[in-house]
Protein chains: 2
Amino acid sequence: MRLVAVCALVVLLTAAGSAQQTVPRGRGGVPVAPNGIPAVPLPDKPLEFPTAEGQKIRVVVVARGMSSPWSMVWLPDGDMLITQRTGQLRRLRKGVLDPTPVAGVPEVVAGGLGGLMEITLHPQFATNQFVYLSYPKPIGAAPAPAPPAPGGGGAGRGPVQQTALAVARARWNGTALTDVKDTFVAQTGVGGPARMVFGRDGKLYVTTGGVNSGAQDPSSHAGKVLRLNDDGSVPQDNPFVKHAGYAPEVYTLGHRSSLGLGVHPGTGEIWQHENGPNGGDEINILKTGGNYGWPIVSYGRTYPGPWQAPKLSHDNFEQPIVFWVPSIAASGIAFYTGNKLPKWKGDVFVGALRVGEIPGTGHLQRILFNEQMEELRRESLLTEMRQRIRDVRQGPDELIYVLTDSPKDGALLRIEPAP
Amino acid sequence: MRLVAVCALVVLLTAAGSAQQTVPRGRGGVPVAPNGIPAVPLPDKPLEFPTAEGQKIRVVVVARGMSSPWSMVWLPDGDMLITQRTGQLRRLRKGVLDPTPVAGVPEVVAGGLGGLMEITLHPQFATNQFVYLSYPKPIGAAPAPAPPAPGGGGAGRGPVQQTALAVARARWNGTALTDVKDTFVAQTGVGGPARMVFGRDGKLYVTTGGVNSGAQDPSSHAGKVLRLNDDGSVPQDNPFVKHAGYAPEVYTLGHRSSLGLGVHPGTGEIWQHENGPNGGDEINILKTGGNYGWPIVSYGRTYPGPWQAPKLSHDNFEQPIVFWVPSIAASGIAFYTGNKLPKWKGDVFVGALRVGEIPGTGHLQRILFNEQMEELRRESLLTEMRQRIRDVRQGPDELIYVLTDSPKDGALLRIEPAP
């Protein structure tokens, strides 16, 4: 009887699977992104939305038409520099996007999820004009793989471009980048998203991807947060600098895919967030030398369904302060300290790419904490716009800015109080 | 330096708190529901929405104006009976809501989150016309509390109405309930949401609330799933029927607030879902005698911020197959087996009340599983309608029906393929 019931289910699921062309499932396969659903277009006029505390907001499209914008920074004169993952740096000059990219960007290997990523300014930018960029640097070609076996089909592939995550430092001369120099180049093959932030200690913190391997290998740069001097050298007070078998740049271990990194304005602590696979996105407050557990522990499932870890816990590893099940594909983090949106003061904002559902169902999350940095609740914002949010920052005007992820029409949005 | 930074944070949060009248926070307090945001009104015309696999759906308001509708069932002639939490049973007769409630409903103590809740039919309804209802039954007044101390302010309260969760069985005579009889009355004080479903074994499974206490007490009916014969007596094959110290009706233990209960159409297993406090909603597949851990384990936080459990795991307890962080306030469950919405065949649907954000930001969640009942992904549906979803069912017409929760304008919605 029981067997009959299970068989009936299998038949049911098989029938369902055969009816679904776009999302294979019921076969233990990895679900693929759906398609054919039109995204919600960017609005021509500002949009207004209610929010949970009765604070009505207005969302303005400041600039659009960018190619996969990834990170943004304000210059002291109020102009902005915005990276495009495809390898260009754009300038917003007096509120208008300059059609000509900024000159001087190093050669970037853009592909997959990588490319020109973070941009950040040196804490003494006013005096030294140093700008930092993270990107996958071409390292030369690996030997071509063996030709396909006879009858295997398909043309032989050429040599594979090898890359390594690099941190470039350049000088901003007012119109272009000059004196570009790679201050740090990770081990060949290390990649993934690389957010960067300067801590209050003047050190540069850099995330590296650890989806596939290396996150628990202390000698690998993969799946870590690295801590560097502003010239790319190793700080002698790094936690593992005297530990045999550790890469000396390692600050924290056990990260998967870190798309958010910021300094808490109250405590100075480094907040990092990373994406789990099928559930298990998390925010961590970094502790020197801490291990955050990937891929040994997680609160998420793998894409084909089984849990990532046999035990759903963070036993023996640092515990996130926030996690998401299901995933939101978190990208970007901002701590709001302004007065223009007073109900949000003290709150944390995280962008969401939210892949795997309708294309462009990303949104912006607001997270409220109590004094002990314990989460009270979350609010989903901009859901109606259905834009993938790549980055979120507070501007010098005390308004909130987000970048939307789109290969051809990425936009800079400004969130302000509705009049 | 560090102390200064922390102090600055406290000042920042205190300032933020003082600016927020509607949502106390930053004080370790429990956040209260926001208000002042207009809900999205029910549409006059059918709405159409895209969904993730390119299956466009149309949502039709079948009936509205109900008072907190809670559960629904179809009679063999296609008419529907819908409970209102406020204590009435409504009939949808040939697609039109009868303005006169059905006669014969027992006296219900409606208040807080309780009232007339589940309605379900006996598996042999066609021959015996038995209808089952769950509700808090008045048990008589408890002694009045001591009068307030002199100068304590406030008027003395009268006697407190005591209740107990009851399961009533009645006969449907074609227009009203007759021969109403309480087949089971739980221990006095046991309440909470009480979903009910008949298993393939012909037994009636009943959930009870365990938010505050009793969920781990085997002698208490609170925080359990109970298993009863169709006449309310105890099945002699219940797991603890011969265990000293156990209430013999107990089927599973350690539940918090169960708002969903259903029989999987493939396996016959009982699927139950319950709400965590601040995160930690979960779906469980019930195992005879299983303990699901509340309040010892959870993946959620308490409302004021601290984690519910010192360890975020389900060590030593049954592990949910799905959980949500943050909470969606899950209510209702349906397994779609129809052909009218072919891309959804084999999927699980869960309603979401989603309290704590903008009022009425509830939605419907669709969850896809692989053959091993491992989750592949979730899709949020009807988000734009911003309705709190109380229940979801598949109709005999192979379409999906949901009830929206509203004190005066609760609605029955039908989801069908867009033409």
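Aromatic pairs, burial and sheets in a predicted model

A search of this predicted model finds 20 aromatic pairs over all chains.

User: Why is the pair of A:Tyr132 and A:Phe198 called edge-to-face?

Analyst: The ring centres are 5.1 Å apart and the planes stand at 75°. Rings pair if their centres lie within 6.5 Å, and planes over 60 degrees apart count as edge-to-face.

User: Which residues form one aromatic cluster with A:Trp307?

Analyst: The cluster consists of A:Tyr299, A:Trp307, A:Phe323, B:Tyr299, B:Trp307 and B:Phe323.

User: How do you know that A:Arg169 lies over the face of A:Phe130?

Analyst: A:Arg169 is 4.0 Å from the ring centre of A:Phe130. The cut-off for a charge over a ring is 6 Å, together with a position within 35 degrees of the ring normal. The distance is within that cut-off, and A:Arg169 is listed as lying over the face. B:Arg195 lies over the face of B:Trp70, at 4.1 Å from the ring centre.

User: Why is A:Met72 called buried?

Analyst: Its relative accessibility is 1%, and buried means under 20%. A:Met72 therefore counts as buried. This residue is found in strand E3 (residues 69-74) of chain A. Beyond four places in sequence, A:Met72 touches residues including A:Ile82, A:Ile119, A:Val392, A:Tyr401 and A:Leu412.

User: Why does B:Asn291 count as buried?

Analyst: B:Asn291 has 19% relative accessibility, and the limit is under 20%. The value falls under the limit, so B:Asn291 counts as buried.

User: Where is B:Asn291 placed, and what does this residue touch?

Analyst: B:Asn291 sits in the loop between strand E17 (281-285) and strand E18 (322-324) of chain B. Leaving out residues up to four places away in sequence, B:Asn291 touches B:Gln216, B:Leu253, B:Gly254, B:Phe317 and B:Glu318. A polar atom of the B:Asn291 side chain lies 2.9 Å from the backbone nitrogen of B:Gly293. The cut-off for a polar contact is 3.5 Å.

User: What is the order of the open sheet of four strands in chain A?

Analyst: The order is E19-E20-E21-E22, with antiparallel pairing.

User: What makes E19 and E22 edge strands?

Analyst: Strand E19 (330-335) and strand E22 (375-381) of chain A each have a single partner strand, so one side of each is left without a neighbour in the sheet. On average, neighbouring strands of this sheet are turned by 20° against each other, direction ignored.

User: How do you know that E19 and E20 of chain A pair?

Analyst: Four bridges join E19(A) to strand E20 (residues 348-352) of chain A, and the two run antiparallel. Pairing needs at least two bridges, so these strands pair. A:Ile333 has A:Val350 in E20(A) as its bridge partner.

User: How many bridges join E2 and E25 of chain A?

Analyst: Seven bridges join strand E2 (residues 57-66) to strand E25 (residues 410-417), and the strands run antiparallel. A:Val59 stands opposite A:Ile415 in E25(A). Both strands belong to an open sheet of five strands with the order E1-E2-E25-E24-E23.

Conventions. Residues numbered from 1 in each chain as written. Chains lettered and ligands numbered in written order. Predicted model: local features only at pLDDT ≥ 70, side-chain atom pairs only at ≥ 80, totals over all residues. Heavy atoms only, no water. Buried < 20%, exposed > 50% of the residue type's maximum accessible area, 1.4 Å probe, protein only. Polar contact = N/O pair within 3.5 Å; in protein donor to acceptor, adjacent residues only side chain to side chain. Contact = heavy atoms within 4.5 Å. Axes fitted to C-alpha atoms, helices over the stretch in contact; angles between N-to-C directions. Phe/Tyr/Trp six-rings, centres within 6.5 Å; stacked < 30°, edge-to-face > 60°.
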